[in-house]
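Subject: Structure handover

Hello,

Here is the structure you will be working with. Please look it over first, then read the notes below it.

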Amino acid sequence: MSTKILIAYFSHWGHTRQFTELIADLTGGDLFEITTDHHYPVAHDPCSAQAHQEQLADFRPHLTSQVAKMDQYETVLIGHLIWWYRAPMVIRSFEESYDLTGKTLIPFCTSGDVGIEQTEADLRQMVPAATVLPGLRLGSLAVATSRQRVIDWLKADGVPVKEEAHDKD
């Protein structure tokens, strides 16, 4: 029996969206964009400063999108960029909006140079009753050239990859 897969993501500059679309293409999972009415500057430095202030304040941005039937998903991949060594605070808003007990959670992210280790640790702490599998971090500009790496990661985490995905390699 196949597992129903949700691929939820927050993308500010488009790199994480590209990563998410690749995962959806490989798995056939359902896409869900995490959106907020909270504005983030397009320019890197002001955006970074705002993200840092949000972390310091433990701020939770209001979500403007909701997963209609979260209970139908057994596996949830959660994607985002890295701001100040962690997931953006909107990801915490998302994680706190659902009962993720018993689900398999798999983080993935894009970043210029920061790893995914803190994101994995934060996710384990935020949702202790879920199974958190190893995530994957790709360089912000490396998504287009990382197809095989993504396939290998998904398979290592036990996520089914569509047969036709192998034909493209």
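**Cysteines**

The sulfur of Cys109 has its closest cysteine sulfur in Cys47, 15 Å away, which is too far for a bond. A disulfide is a covalent bond between the sulfur atoms of two cysteines. Here it is counted when a pair of cysteine sulfur atoms lies within 2.5 Å, and the structure holds 0 disulfides. Cys109 is buried, at 0% relative accessibility, and Cys47 is also buried, at 0%. (Buried means under 20% relative accessible area, exposed over 50%, and partly exposed in between, with a 1.4 Å probe and protein chains only.)

**Where the values come from**

This is a predicted model, in which local features need pLDDT of at least 70 and side-chain atom pairs count only at pLDDT 80 or more, while totals for chains, interfaces and linings use all residues. Residues are numbered from 1 along each chain as its sequence is written, and side-chain values use heavy atoms, with hydrogens and water left out.

**Helix 3**

Helices (H or I, at least four residues) and strands (E, at least two) are DSSP runs, numbered from the N terminus.

**Salt bridges**

A salt bridge is a side-chain nitrogen of Lys or Arg within 4 Å of a carboxyl oxygen of Asp or Glu. The count by this rule is 7. One of them joins Arg17 and Glu33, at 2.8 Å from N to O. Arg17 is in helix 1 and Glu33 in strand 2, so this pair ties together parts 16 residues apart in sequence.

Asp58, Arg60 and Glu96 are linked in a network of salt bridges. Asp58 meets Arg60 at 2.6 Å, N to O. Glu96 also bridges to Arg60, with the closest N and O atoms 3.0 Å apart. That pair links distant parts of the chain, 36 residues apart: Glu96 is in helix 3, and Arg60 is in the loop between helix 2 and strand 3. Glu96 is partly exposed, with a relative accessible area of 46%.

**Lys103**

Which charged side chain is nearest to Lys103, given that Lys103 is buried yet has no salt bridge? The nearest one of opposite charge is Asp71, 6.7 Å away. (Lys and Arg count as positive, Asp and Glu as negative; His and the chain ends are not counted.) Lys103 is found in the loop between helix 3 and strand 4 (104–111).

Regards
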